[in-house]
Amino acid sequence: MKKATPDQKSSLLLNSNDTSAATQRNQILAHLKTTPSINTLEFRELGFISPAPRILELKSHGHNIKSIREDVRTPDGRLHRGIARYYLSQTPPANDTNGEVAA
């Protein structure tokens, strides 16, 4: 039996029907590693109803996830203010908390 490649493992993970917190953390981290940034509403479109708790857990596990606030207009025309946009920072900033929001 052949071993799955990293791309195949990632695909299986992202297409999983498992909604456990551990699986959601792995899926969210996979998205953050392959996407420059993603906001709360975009996570919801992917099936993560409340990504903030998983982001907080990932941060507590040592992942350097940052966020900024943005205003987003949804297709129905409603303006949502202060939506968190998350990104994975490769290097921690030196005492810079500008723009960071708590998840």
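Q: How many residues line the largest pocket, and which lie nearest its centre?
A: Eleven residues line the largest pocket. Ser16, Gln27, Leu46, Gly47 and Phe48 are those nearest its centre. The model is predicted, so local features need pLDDT of at least 70 and side-chain atom pairs count only at pLDDT 80 or more, while totals for chains, interfaces and linings use all residues. Numbering starts from 1 along each chain as its sequence is written, and side-chain values use heavy atoms, with hydrogens and water left out.

Q: What makes a residue part of a pocket lining?
A: A lining residue has an atom within 4 Å of a pocket point. The points sit on a 1 Å grid over the protein atoms alone; a pocket is an open set with protein on both sides within 12 Å along at least five of seven lines, whereas a cavity is a set where a 1.4 Å probe fits but cannot get out.

Q: How much space lies in the largest pocket?
A: About 180 Å³. That volume is the space filled by probe spheres set on the points, which are joined across faces, edges and corners.

Q: Which helix gives the most to the lining of the largest pocket?
A: Helix H2, residues 21–34, with three residues. Helices (H or I, at least four residues) and strands (E, at least two) are DSSP runs numbered from the N terminus.

Q: How do the residues of the lining divide into nonpolar, polar and charged?
A: Three are nonpolar, seven polar and one charged. Ala, Val, Leu, Ile, Met, Phe, Trp, Tyr, Cys and Pro count as nonpolar; Asp, Glu, Lys and Arg as charged; the others, Gly among them, as polar.

Q: What is the secondary structure of the chain?
A: Four helices and three strands. From the N terminus, they run α-α-β-α-α-β-β.

Q: What makes the Glu42 and Arg85 pair a salt bridge?
A: A salt bridge needs a side-chain nitrogen of Lys or Arg within 4 Å of a carboxyl oxygen of Asp or Glu. Glu42 and Arg85 stand at 3.4 Å, N to O, so the pair qualifies. This pair links distant parts of the chain: Glu42 is in helix H3 (residues 40–45), Arg85 in strand S3 (residues 79–88), 43 residues apart. The structure holds six salt bridges.

Q: Why is Arg85 called buried?
A: Its relative accessible area is 15%. Buried means under 20%, exposed over 50%, partly exposed in between (1.4 Å probe, protein chains only). Arg85 therefore counts as buried. Glu42, at 28%, is partly exposed.

Q: Which strands do Glu70 and Arg85 link?
A: The side chains of Glu70 and Arg85 meet in a salt bridge at 3.0 Å, N to O. Glu70 is in strand S2 (residues 65–73) and Arg85 in strand S3, 15 residues apart.

Q: Why is Arg81 called exposed?
A: Arg81 has a relative accessible area of 62%, which is over the limit, so it is exposed. Its salt bridge is with Asp71, at 3.0 Å, N to O. Arg81 lies in strand S3 and Asp71 in strand S2, ten residues apart. Asp71, at 45%, counts as partly exposed. Elsewhere, salt bridges that share partners join Arg25, Arg54 and Glu57 into one network.

Q: What makes Arg54 buried?
A: Arg54 is in helix H4. At 16% relative accessible area, Arg54 falls under the cut-off and is therefore buried. Leaving aside neighbours within four places in sequence, Arg54 is in contact (heavy atoms within 4.5 Å) with Ala21, Gln24, Arg25 and Ile28. The C-alpha atoms of Arg54 and Arg25, 29 residues apart along the chain, are separated by 5.5 Å.

Q: Which residues of helix H4 are buried?
A: In H4, residues 51–60, they are Pro51, Arg54, Ile55 and Leu58. They cover an arc of only 105 degrees around the axis, which puts them on the same side of H4. The arc is that of the directions from the helix axis to the C-beta atoms. What covers these buried residues includes H2, H3, S2 and S3.

Q: How many of the residues of the chain count as buried?
A: Of 103 residues, 31%.
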